[in-house]
Structures are given as C-alpha cells and as structure tokens.
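Hello,

I am passing a structure on to you, along with some notes on its charged side chains. Have a look at it first, and then read on.

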Amino acid sequence: MQTYWGIDLGGTKIEGVVLSAPSPDAVVIRKRIDTEAEKGYPHIVRQVGRLVDLLKAETGYRPDHIGFGTPGTFDPGRQVMKGCNTTCLNGTPLPLELEKTLDVPVTLANDANCFALAEATLGAVPEVAPDFRSVFGVIMGTGVGGGVVFRGKDGQPVVLNGLQGIGGEWGHIILEENGYPCFCGKRGCNEQVFSGPALQRFYHDVSGEKRSLKEIYERHKAGTDAFATQTIERLLEGFGRAISVIINVLDPDAIVLGGGVGNIDLLYTEGVERAKKYVFNEGRLSTPILRPKLGDSAGVFGAAML
Ligand SMILES: [Zn+2]
C-alpha cells in the first residue's frame with residue numbers, strides 16, 4: 001500500500017504522521033516525541049530516527065520517501081541549513097544526514113511552505129479553488145512567514161523553494177523605513193510590523209502599557225482605547241500593503257492566513273479592503289483570502305504531502 005510519511009521538526013516536539021491516502025481523514029498513525037534540542041544537532045537527528053522507527057514498528061509499513069517540515073530552510077547552493085530558530089541546526093547538512101541515517105529519500109521544506117502545501121491540498125483551498133495554479137500561504141504569529149505552492153508539470157502541487165531556498169519568505173520584506181530592528185539584521189521587515197510581538201511592542205511604545213494582542217483587539221473593538229485602534233490600524237495597513245505585493249507579483253488563485261494574528265477577523269474584511277487599495281488592478285480584488293482549515297495539523301500534513 002502507498003503511504004505518505006511526514007515529520008514536523010519543531011523546537012520542542014517532533015511530530016510524525018503516516019497517511020494511507022492524501023487526505024486529513026486517512027491518518028494511520030500520528031506520534032510526537034520531545035526534540036530535546038538543547039542536547040544539540042546529533043541528538044536531534046537521533047530523535048528523528050527514533051520516531052521513524054516507532055512509526056515503522058507500530059504500523060508495519062516502511063516509507064519509500066519522507067517529507068520534513070523544519071524551521072528555517074536548506075540552502076541548495078551551500079548545502080546547509082539557515083535561518084532556523086532552533087539555532088543548532090544552522091550550518092548543518094540536515095537533509096543529507098537524515099537520508100543517510102534513515103536510508104530513505106527525504107524532501108525538506110520550511111514550515112511555512114508545509115503550511116501552504118497542506119492548506120492547498122488538504123485544507124481550505126480545494127473547495128474554493130480546486131484547480132488552482134498557485135496558492136500563497138501566510139503564517140502571521142510570533143513570526144511572519146509565507147510559502148508558495150504551484151502546480152507542477154505532472155499536475156501535482158509543489159512547493160517553490162527557489163534558487164536560494166528563500167522562496168515565499170514574505171516576513172523579511174522591508175515595509176517600514178527605520179522600523180523596529182529585526183533578527184535578520186534589517187529594520188522594519190513585515191515581521192517587525194505585524195507579527196504578534198511587534199504589534200504588542202508598538203502598543204506598549206505608544207500607550208506605555210503592556211497588553212496581549214487579544215486584549216488590544218478587544219479594546220479596539222470596544223472603541224475605548226485610541227492606542228489599541230492605532231495598533232490595529234497599523235496591522236491592517238501593513239497587511240494590506242504587504243499582501244498587495246504578493247498579489248501583484250504572483251496573483252495567486254487563493255491566499256490562506258495562518259498563525260495567531262491570522263485569527264483577527266478584521267483582516268478578512270478591512271484588511272482585504274486595504275489590499276484592494278494598493279493592488280495594481282483598478283481598485284478591484286477577487287483573490288479569495290481564506291481562513292486555514294487544518295489548525296495545528298497543517299505542518300505535519302504538509303510534510304507528508306511533500
Ligand atoms: Zn527581518
């Protein structure tokens with residue numbers, strides 16, 4: 001029987017899934033173990049091996065391919081990982097080592113790309129745009145990321161990793177001149193304007209008070225806090241500008257918004273209106289902007305679909 005194997009390699013947990021068909025309802029097994037990242041890179045590789053052995057033992061199946069979702073990305077030129085917040089992975093030849101250890105071909109993509117692939121194939125996109133040519137998936141949460149999925153020559157959806165492995169890296173496009181400094185070395189990246197922490201930081205700077213984004217949003221809706229309204233205005237305006245760039249370049253058949261900030265319902269109304277203002281299309285916008293359907297499962301399902 002053909003099975004689909006996916007591993008989501010997170011900073012605290014490694015999750016594995018085996019699917020008997022490309023469907024969220026076809027889970028044969030799903031399992032999590034601790035990453036124990038503090039014990040270093042060789043230990044993480046061993047933990048992945050342990051998880052794959054468990055999946056094999058409990059299902060009786062063997063993989064002929066495994067897809068991996070990871071933080072950061074693999075640089076195809078230098079053949080090493082980069083941009084991982086699990087920093088001990090940076091500079092390592094992770095996918096090559098995994099192939100050797102697991103003795104099976106692996107495909108690796110960053111977690112935002114896995115999110116995009118999962119939502120494009122198994123999640124929110126099929127009912128709206130089943131014959132999509134391209135989909136952009138966005139994660140707006142603690143960080144901001146993105147992934148591009150397009151339909152390959154054989155009709156199968158594939159992730160666009162790009163020449164340098166940075167395809168879809170939407171979080172680090174500069175949106176604001178002299179904005180907040182970013183870990184990437186620049187200032188005012190999308191991530192420093194409308195990630196959850198950046199919005200909370202902005203609210204704190206203008207109001208002098210610390211509040212969660214959820215509270216800030218509630219205070220904005222109640223209309224009682226001008227600083228909260230200023231913060232949500234910053235989100236909507238930043239989102240509108242940033243997403244209009246994607247639409248102008250890619251003009252995808254659908255966009256899916258994941259992550260905690262993506263739960264803010266105004267993004268789907270007022271946020272879309274802002275994008276409409278900035279997109280190069282005579283004030284019209286028919287791009288479906290969708291809520292995700294797979295929740296926390298998107299990472300591991302996307303890995304399985306690689
Ligand atoms: Zn940045």
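Predicted model: local features only at pLDDT ≥ 70, side-chain atom pairs only at ≥ 80, totals over all residues.

Glu237 has a charged partner: its side chain forms a salt bridge with that of Arg274, at 2.8 Å from N to O. This pair connects distant parts of the chain, since Glu237 sits in helix H8 (residues 226-250) and Arg274 in helix H9 (residues 270-278), 37 residues apart. Arg274 is buried as well, at 11% relative accessible area.

Through salt bridges with shared partners, Glu233, Glu237, Arg241, Glu270 and Arg274 are joined into one network.

Elsewhere, Lys82 and Asp75 also pair through their side chains, with 2.9 Å between N and O. Asp75 is a buried member of that pair, with 9% relative accessibility.

Is the acidic residue Glu282 buried or exposed? Its relative accessible area is 71%, and exposed means over 50%, so Glu282 is exposed. The side chain of Glu282 makes a salt bridge with Arg284, at 3.4 Å from N to O.

For the overall picture, searching the whole structure turns up 20 salt bridges, and the pairs of Arg274 with Glu237, Lys82 with Asp75 and Arg284 with Glu282 are among them.

How values were computed: Residues numbered from 1 in each chain as written. Heavy atoms only, no water. Salt bridge = Lys/Arg side-chain N within 4 Å of Asp/Glu carboxyl O. Buried < 20%, exposed > 50% of the residue type's maximum accessible area, 1.4 Å probe, protein only. Helix = DSSP H or I, 4+ residues; strand = E, 2+ residues; numbered from the N terminus.
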